[in-house]
Amino acid sequence: MKKNAYFGLYIVIAILIVLPFVLPNSFYMDLVIRMAINAVIVLGLNLLIGFAGQISLGHAGFLGIGAYASAVLPTHFGWHPLLAMGAGAAVTGALAALVARPIFKLKGHYLAMATLGLGIIINIALRNEAQWTGGPDGMAVPAMGLFGFDLSSDKQWYWVVALLLSVSVWASLNLIDSPFGRALRALHGSEVASQVVGVDVVRYKVAIFVMSAVFASIMGSVTAHYVGFVSPNFADFFHSIELVTMVVIGGMASVYGSLVGAVLLTALPQALATFEGWETVVFGAILMLSMIFMPKGLVPTLAAKFGKGD
Amino acid sequence: MLAQFLQFLFSGITVGATYALAALGFTLIYNASNVINFAQGEFIMLGGMLAVFFTQMGLPLPVALMLAILIPAIVGVLVEKLAIEPVKGAETVTLIIITIGASLVIRGLTTVIFGKGTHSLPAFSGEAPIEILGATLMPQSLWVLGVTALVVVALWYFFNRTLQGKAMLATSFNRLAAELVGINTGWVLFMSFAMSAALGALGGILITPITLTSYDVGIMLGLKGFVAAVVGGLGNGLGAVVGGLLVGILEAMGAGYISSAYKDAIPFVLILFILFFMPRGLFGGKSTDRV
């Protein structure tokens, strides 16, 4: 590992520690918490898309499973929220593993189609099973209890999420420099070549897919508890696209790019609220322009410009 | 029993024809540029919405319909010129995001101009249903099927009997080789986007008297068109038509016999099964990788 690999991590931690003391009000506090949650999801997704070179257009479906596990199991069956979160992650992991083997024989657009289909099926199921999920209107999520007291205030949530984010950045950095990470990058470069040198291509692709799905499910649970409410929109196709866009705009195969992408795209809808009625047009135009002028994403483009590696 | 089955079949092939036109649009663009155009559904929506708008303005039906096909074709060409051509050779994900950005812009502008209401278009030749073995068929369904059949024949003629069509096919097989024998591949790209948008818009216009239209119908119609294109094996024109009809029929049967709430899920369940067992669709050939 490069000597300064952790330098960025220290900066991230420093910013996370200082932020709550400089944020002017709870509106910004809420925004930063949602940025951090998205950043963790995007880190996981970037391992799949950026490092392993596989597309998933159905990741919001996995978020949805986690979120609804945390809503349905405690509400209807009285499960402890942590247990529900674990169950959601387990179901997501099992589902991802089950579909991953056949899916990862596919490539490119066929893979995009399969993951997109999976996400849409999950979303339709959440919409239709109204007796459990509240249907299109969604349902309330009970508070998360940790060690005897309820997580409720923004401050408490902030520190939980900040901790999750720091650990995820640290884990991603380590993973990328591990033999596992090198194998992933190898198969992104050339699948045939990595097979020839003995990388079990399908096994690695399945492993990273399951891992990023479980990441997403857990963060889906976290979001559900934090917001206190879930609706099927949380698991829809558009949300999947938003997550992929965060990965690509920030920079594929860039850990800090994931953070930048999540921060920018979480803030964007707030910034666009002033364009009454034109939000969709402006959002679409921004997606197109940023991809046309920075197809590699923000962080790698800037890094190349200033002659420094990520 | 039979009447019910026929009823489902009629509605299935009617919607299926729209999926087939959308799938042909995906296929054309995919062959010319290797891009999956996620804005395809918005052309379907645009065709229907513009047809409604122009007929309400009092234009005669044929003129209104021509304009409702022409304008989406121009929009398609703009998308190609402004957004696809500048990023030649970009990664698949990048291209997917660009076309989704384009679809958001088109949908957003439609909402700004026409609002979020649901609109209908009068059927082209009356609403008197035709009875066949106890099932009813709307005259509009005949329009959908007839026009789709004509389009398929015309496309077949274009690709097999005209120089321009053969040039487009040649480009899809091998761009470099096509350029070497003097084919203007830039023109091919231009034509594919124009034709693909026009096909989508045509499907949108034909189906609007049956299913109504609004600013947001494009997403599902487009995604199902994509399913249809993949069912048949991406890049295969005949496969796209068969795929479209198959998706439409299975969806109608599933909605009728199994569960209407899960109607929209049926095409996606179908495609997962097909891809699990036939990773390149029903008609996709084998491929080898060059290292």
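## B:Ser196 and its surroundings

B:Ser196 counts as buried, because 28 C-beta neighbours lie inside 10 Å and 20 or more are enough for that class. The model is a predicted one. B:Ser196 sits in helix H8 of chain B, which spans residues 185-211.

Leaving out residues up to four places away in sequence, B:Ser196 touches B:Gly25, B:Leu28, B:Ile29, B:Asn37, B:Gln40 and B:Gly76.

## Chain B as a whole

Chain B has eleven helices and two strands. Read from the N terminus, the order of elements is α-α-α-α-β-β-α-α-α-α-α-α-α. The radius of gyration is 19 Å, close to the 19 Å given by the globule rule for 291 residues, so chain B is as compact as a globular protein of that length. Along the principal axes, the C-alpha atoms of chain B fill a box of roughly 60 × 45 × 35 Å.

Of the 291 residues in chain B, 49% are buried. When contacts in chain B between residues at least 6 apart in sequence are considered, 76% of them join residues at least 24 apart.

B:Asn34 lies in the loop between H1 and helix H2 (40-56) of chain B. Its phi is positive, about 65°, although the residue is not a glycine. B:Asn34 is partly exposed, with 17 other C-beta atoms within 10 Å.

## Annotated transmembrane regions of chain B

An unreviewed UniProt entry carries the annotation "transmembrane region" for residues 6-28, 61-80, 92-114, 141-159, 180-206, 226-253 and 265-283 of chain B. In the model, residues 180-206 of chain B are 85% helix and 0% strand, with 40 Å between the end C-alpha atoms. Residues 265-283 of chain B are 63% helix and 0% strand, and their end C-alpha atoms lie 23 Å apart.

## Chain A as a whole

Chain A contains 14 helices and four strands. For its 310 residues the globule rule gives 19 Å, and the radius of gyration is close to that at 19 Å, so chain A is as compact as a globular protein of that length. The box filled by the C-alpha atoms of chain A is roughly 50 × 45 × 45 Å along the principal axes.

Buried residues account for 50% of the 310 residues in chain A. Among contacts in chain A between residues at least 6 apart in sequence, the share joining residues at least 24 apart is 76%.

The "transmembrane region" annotation from UniProt (unreviewed entry) covers several stretches of chain A, including residues 6-23 and 110-126. Residues 6-23 of chain A are 89% helix and 0% strand in the model, and the end C-alpha atoms lie 26 Å apart. Residues 110-126 of chain A are 100% helix and 0% strand, with the end C-alpha atoms 25 Å apart.

Helix H12 of chain A runs over residues 255-272, which is 18 residues. From first to last C-alpha it reaches 26 Å, close to the 26 Å expected at 1.5 Å a residue. Its buried residues include A:Val255, A:Tyr256, A:Gly257, A:Leu265 and A:Thr266. The buried residues of H12(A) pack against helix H1 (7-22), helix H2 (26-51), helix H7 (154-176), helix H11 (237-250) and helix H14 (298-305) of chain A.

A:Ala253 is found in the loop between H11 and H12 of chain A. A:Ala253 is not a glycine, but has a positive phi of about 60°. A:Ala253 is buried, with 23 other C-beta atoms within 10 Å.

## The nonpolar core

The largest nonpolar core has 187 residues, and the members that touch the most others are A:Ile41, B:Ala20, B:Ala201, B:Ala228 and B:Ile271. Helix H1 (residues 2-33) of chain B gives the largest share of this core, 15 residues.

Leaving aside neighbours within four places in sequence, B:Ala228 is in contact with B:Tyr19, B:Ala20, B:Ala22, B:Ala23, B:Ala240, B:Gly243, B:Gly244 and B:Val247.

## Where the chains meet

In the contact between the chains, 37 residues of chain B meet 36 residues of chain A. On the chain B side, the elements that give two or more residues are helix H4 (92-114), helix H9 (218-231) and helix H11 (266-277). H4(B) provides the largest share, 16 residues. By class, the side of chain B that touches chain A has 29 nonpolar, five polar and three charged residues.

Key
Residues numbered from 1 in each chain as written. Chains lettered and ligands numbered in written order. Predicted model: local features only at pLDDT ≥ 70, side-chain atom pairs only at ≥ 80, totals over all residues. Contact = placed C-beta atoms within 7 Å. Nonpolar A, V, L, I, M, F, W, Y, C, P; charged D, E, K, R; others polar. UniProt positions renumbered as here; feature names shortened; annotations may be inferred. Rg over C-alpha atoms; globule rule 2.2 N^0.38 Å. Buried ≥ 20, exposed ≤ 12 C-beta atoms within 10 Å, placed from the backbone. Core = buried A, V, L, I, M, F, W, Y, C linked by C-beta atoms within 7 Å. Expected span 1.5 Å × (residues − 1).
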